[in-house]
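Colleague: Could you take me through how some helices and strands of this protein are arranged, step by step?

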Amino acid sequence: MLALLKLLQDGQFHSGTELGEALGISRSAVWKRLQMLEEDLALSVHKVRGRGYRLASPISLLEVERLRLACKELGWQICCFARIDSTNAEAMRRISSDPLPCLVLADEQSAGRGRRGRSWVSPFAENLYCSLALRLDGGARQLEGLSLVVGLAVLQALRDVGVAGAGLKWPNDVLVGGRKIAGILLEISGDPADVCHVVIGIGINANMLTSEQEIGQPWTSVRLESGELCDRTVLTLCLIRRLHEYLGTHSMQGFAAHREEWEANHLWQNERVVLTFGAQQVEGIVLGVDHQGGLRLQTGAGEQCYSGGELSLRLSNDS
């Protein structure tokens, strides 16, 4: 089906004869594969007598060989899947067997996850779903501010493909116009005080225009922002290079090297916010982040610092 998808991804009409000749199969076999596309991948195929077949909307398939070459230059392993449960789960499974760093990519996730146990909507070939497995030596210092540094890499990759209005929301969301365009999920295994492994999961809304699944917050995509189909291979290449750049600096210099840049791109800097943790809430003004990436708030009790994976931040005037 991948070969058929490559022919149809431009969103233009292709006759059954043309498709059959290109694939070396009969027209009836083409018809059966088109039905499989609709059933297995939830892709809508338009059929018009005399013109042929086309996808309801063009898609951008990943060019695996280009990505493989780019990763080879950086000394990374890469694994690409058409469909998988979760790139984070697969990256975690590979930690004990594969050379690291190892990048896992998928065209579709059946059980994609975001922070705080939320699902991440992952339709086929519409967005970017990837995870990078790393070995970290040197203990907890290598984890300080890591998710924030990854956020900067994602932000710059989005700017590289023309999303100029993107900014950061603590701790690891990227927004455009108050709408989420990307999210980050870090999972750690091993001993944080010594040698540990971390899986960096990144989801970027690339070409999603609508969603049949409910999404619990306002969202946007590269395509919605630019008005054009996003080349997912180009976006992935930009992300790989930015991750290599930012993670390299973080490894050598720690979060301190990026703290000022992160605060300059934080959309809620100096804003009044409400921070929720468990059943508790605290209101304050965002002062910035500390050297470990914790959120600094000016509260009624003075300056306080907060960090952790179960925190939720919103503007205080949000409904």
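The questions and answers below turn to a helix pair and then to some strands.

Modeller: This is a predicted model, in which local features need pLDDT of at least 70 and side-chain atom pairs count only at pLDDT 80 or more, while totals for chains, interfaces and linings use all residues. Residues are numbered from 1 along each chain as its sequence is written, and side-chain values use heavy atoms, with hydrogens and water left out.

Colleague: How are helix H4 and helix H8 oriented, roughly parallel or roughly antiparallel?

Modeller: Helices (H or I, at least four residues) and strands (E, at least two) are DSSP runs, numbered from the N terminus. Helix H4 (residues 64-74) and helix H8 (residues 232-253) pack with their axes 10 Å apart and at an angle of about 10 degrees, where axes are lines fitted to C-alpha atoms, for helices over the stretch in contact, and angles run from 0 to 180 degrees between N-to-C directions. Angles under 35 degrees count as roughly parallel, over 145 as roughly antiparallel, 65 to 115 as roughly perpendicular and the rest as oblique. Therefore H4 and H8 are roughly parallel.

Colleague: In which sense do strand S10 and strand S11 pair?

Modeller: Two strands pair if DSSP finds at least two bridges between them. Six bridges link S10 (residues 272-277) with S11 (residues 280-289), and leucine 275 has valine 282 in S11 as its bridge partner. The sense of this pairing is antiparallel.

Colleague: Which glycine in the turn between S11 and S12 has a positive phi?

Modeller: S11 and strand S12 (residues 295-299) run antiparallel, joined by four bridges. The two strands form a hairpin with five residues between them, and the residue in the turn with a positive phi of about 95 degrees is glycine 293.
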